[in-house]
Structure formats: C-alpha cells, structure tokens
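Biologist: Please take me through this structure step by step, and give the cut-off behind each term as you use it.

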Amino acid sequence: MAAAATFVWLGMVLAISFLEAPLKFRAPGVTVPIGLGIGRLVFRALNAAEAVLAAVVIGTVVIAAVVIGSPATIVVVLTAVAAAVLVIQLVLVRPPLNRRSDRVLAGEDPARTRSRAHLWYVALEIVKVLSLAALGWVLQGV
C-alpha cells in the first residue's frame with residue numbers, strides 16, 4: 001500500500017510540476033494571468049492530494065512498524081524527507097508565491113520583479129521527487 005501511494009504521489013508531482021506547469025504558458029491564448037489562475041487551482045488540488053497521499057504513506061509505514069516491527073531506517077528517513085519537503089513548500093514557500101501571483105493578477109508586470117520563492121519551490125520539488133522515487137523503490141523490495 002505504501003509503495004503504491006508513493007508512486008501515485010510521485011507521478012502526480014512529475015505530471016503537474018514538471019509537465020503541466022511549464023507547458024500551460026506555451027498554449028495558444030494563455031496569458032500570464034490566465035496561466036497563474038489555472039496554476040493556483042491546480043497546485044492547490046495537487047497539494048491537497050499530496051497531503052492525503054503523505055498521510056497514507058506515513059500511516060502505512062506506522063501500521064507496518066506496529067505489525068512487523070521497526071521499519072528500515074531508510075524508509076523512515078525517506079518518508080520524513082518527502083513529508084518535510086511538502087510541509088516546507090506549503091508553509092514557507094507557497095505563501096510568498098501566492099502573494100506574488102496576487103500582485104501579478106492585480107496588474108503588476110511579472111518581469112518587473114523575479115521571485116526566488118519559485119526557484120525554492122522547484123528545488124524542493126526535485127528533492128521531493130528524488131526522495132519519493134527512492135522510497136517507492138525501497139518499499140517495493142519490502
């Protein structure tokens with residue numbers, strides 16, 4: 001169960017963050033404000049799904065620990081990394097991104113100021129993808 005949830009989580013992050021997000025701005029007729037509006041909805045839904053999947057993975061690992069004993073340290077570490085990255089993104093990085101998109105939607109030129117929060121979000125997505133891929137691989141062997 002934990003491996004399946006991990007791979008679903010991984011697939012969702014890859015599909016949305018590394019495929020949908022950059023491509024939507026290349027679609028004909030999609031302006032920056034429209035793309036931002038779509039992106040906010042999509043990422044809000046993705047983050048909600050991620051929270052559920054994280055709870056499933058953590059819960060399954062905890063239940064397995066109770067039933068069969070302590071999980072491997074690597075399982076605990078990779079689960080903690082993926083969950084911690086999600087929390088950091090939601091609590092520390094998304095609020096500045098939301099404030100910036102609010103300003104752009106209110107008419108501010110997006111090229112006028114660059115957002116480092118976006119770079120942090122992408123870097124954290126890469127860490128999350130690597131930890132989820134490794135966790136799924138490890139859990140498959142369990």
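Biologist: In which helix does Ile-68 lie?
Modeller: This is a predicted model, so local features need pLDDT of at least 70 and side-chain atom pairs count only at pLDDT 80 or more, while totals for chains, interfaces and linings use all residues. Residues are numbered from 1 along each chain as its sequence is written, and side-chain values use heavy atoms, with hydrogens and water left out. Helices (H or I, at least four residues) are DSSP runs numbered from the N terminus, as are strands (E, at least two). On that basis, Ile-68 belongs to helix H2.

Biologist: Does Ile-68 count as buried or exposed?
Modeller: Buried means under 20% relative accessible area, exposed over 50%, and partly exposed in between (1.4 Å probe, protein chains only). Because its relative accessibility is 67%, Ile-68 counts as exposed.

Biologist: How many residues apart are Asp-102 and Arg-40, which pair between two helices?
Modeller: A salt bridge is a side-chain nitrogen of Lys or Arg within 4 Å of a carboxyl oxygen of Asp or Glu, and the structure holds 5 of them. In one, the side chains of Asp-102 and Arg-40 meet at 2.6 Å, N to O. This pair links distant parts of the chain, with Asp-102 in helix H3, Arg-40 in helix H2, and a separation of 62 residues.

Biologist: Is Lys-128 buried or exposed?
Modeller: The side chain of Lys-128 meets that of Glu-50 in a salt bridge of 2.5 Å, N to O, and this pair joins helix H4 to helix H2 across 78 residues. Glu-50 has 0% relative accessibility and so counts as buried. Since Lys-128 is likewise at 0%, Lys-128 counts as buried.

Biologist: What is the volume of the largest pocket?
Modeller: On a 1 Å grid over the protein atoms alone, a cavity is a set of points where a 1.4 Å probe fits but cannot get out, and a pocket is an open set with protein on both sides within 12 Å along at least five of seven lines; lining residues have an atom within 4 Å of a point. Grid points are joined across faces, edges and corners, and a volume is the space filled by probe spheres set on the points. The largest pocket is lined by 27 residues, with Ala-21, Phe-25, Leu-36, Leu-97 and His-118 nearest its centre. Its volume is about 850 Å³.

Biologist: Which helices each supply at least two residues to the lining of the largest cavity?
Modeller: A search of the whole structure finds 1 cavity of 30 Å³ or more. Trp-9, Ala-54, Val-57, Ile-58, Thr-79, Ala-82, Ala-83 and Leu-135 line the largest cavity. At least two lining residues come from each of helix H2 (32–68) and helix H3 (73–105).
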